[in-house]
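Me: I would like to learn how to read a few local features in a protein model. Please give me the general idea each time, then the case at hand.

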Amino acid sequence: QVQLQESGPGLVNPSQTLSLTCTVSGGSITTTYWYWNWIRQSPGKALEWIGDIDYRGSFYYSPSLKSRTTISRDTSKNQFTLQLSTVTPEDTAVYYCANHDGSSLYRNGMDCWGKGTLVTVSS
């Protein structure tokens, strides 16, 4: 099972860019059919999928957030990143990175999660 660890600043000022890094161990982010996701959960709200980058480097963002979202990767470091621009207090949430193994048509959902990191947007 792969292991994922989120890292980055826990406090971001409004209008600035939230930037997080997910470091992956126990597996390569270039492994065929593996998808690398960012998900968040705001206080009192359900989990919200932000977007993903796959083993090829292709990406897809949630329609509600894609105008502000950039997901990228660094294969040499086995890391992928999240940048969420123009943040507001509504972006305060626990942010998770997670892996989906898409090698089987029988699989669905996330297979392995990081512990999550709280990011607070506040002046």
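Me: Which cysteine does a disulfide join to cysteine 22?

Reply: A disulfide is a covalent bond between the sulfur atoms of two cysteines. Here a disulfide joins cysteine 22 to cysteine 97, with S to S at 2.1 Å. The rule asks for a pair of cysteine sulfur atoms within 2.5 Å. By this rule the count is 1 disulfide.

Reply: Some ground rules. This is a predicted model, where local features need pLDDT of at least 70, side-chain atom pairs count only at pLDDT 80 or more, and totals for chains, interfaces and linings use all residues. Residues are numbered from 1 along each chain as its sequence is written, and side-chain values use heavy atoms, with hydrogens and water left out.

Me: What is the handedness of the link between cysteine 22 and cysteine 97?

Reply: The link of cysteine 22 and cysteine 97 is right-handed, with 70° about the S-S bond. The pair links distant parts of the chain: cysteine 22 sits in strand β3 and cysteine 97 in strand β9, 75 residues apart. Strands (E, at least two residues) are DSSP runs, numbered from the N terminus.

Me: Are cysteine 22 and cysteine 97 buried or exposed?

Reply: Both are buried. Buried means under 20% relative accessible area, exposed means over 50%, and partly exposed is in between (1.4 Å probe, protein chains only). Cysteine 112 is in no disulfide; its nearest cysteine sulfur, that of cysteine 97, is 9.0 Å away. Cysteine 112 is buried too, at a relative accessible area of 10%.

Me: Which residue stands opposite cysteine 22?

Reply: Glutamate 6 stands opposite cysteine 22 in β3. Strands β1 and β3 run antiparallel, joined by 5 bridges. Two strands pair if DSSP finds at least two bridges between them. Strand β1 (residues 3–7) has a covered face of Leu4 and Glu6, and an uncovered one of Gln3, Gln5 and Ser7.

Me: Now the rings. How many aromatic pairs are there?

Reply: A pair of aromatic rings is described by the distance of the centres and the angle of the planes. Rings of Phe, Tyr and Trp (its six-membered ring) pair if their centres lie within 6.5 Å; planes under 30 degrees apart count as stacked, over 60 as edge-to-face and the rest as tilted. The count comes to 8 aromatic pairs. One of them is tryptophan 34 with tryptophan 36: the centres are 5.9 Å apart and the planes at 70°, so the pair is edge-to-face. Tryptophan 34 is buried at 16% relative accessibility, and tryptophan 36 is buried at 0%.

Me: What kind of pair do tryptophan 49 and tyrosine 60 form?

Reply: Tryptophan 49 and tyrosine 60 are stacked, at 6.1 Å centre to centre with 20° between the planes. Tryptophan 49 lies in strand β5 (residues 47–54) and tyrosine 60 in strand β6 (residues 59–61), so the pair ties together parts 11 residues apart in sequence. Tryptophan 49 is partly exposed at 28%; tyrosine 60 is partly exposed at 49%.

Me: Which residues do ring pairs link into a cluster?

Reply: Trp34, Trp36, Trp38 and Phe80.

Me: Last, the backbone. What is the phi of serine 15?

Reply: Most residues other than glycine have a negative phi. The phi of serine 15 is near 80°, a positive value. Serine 15 lies in the loop between β2 (11–12) and β3 (18–25). Serine 15 is exposed, at 54% relative accessibility.

Me: And where is threonine 86?

Reply: Threonine 86 is in the loop between β8 (79–84) and β9 (93–101). The phi of threonine 86 is positive, near 50°. At 48% relative accessibility, threonine 86 counts as partly exposed.

How values were computed. Helices (H or I, at least four residues) and strands (E, at least two) are DSSP runs, numbered from the N terminus.
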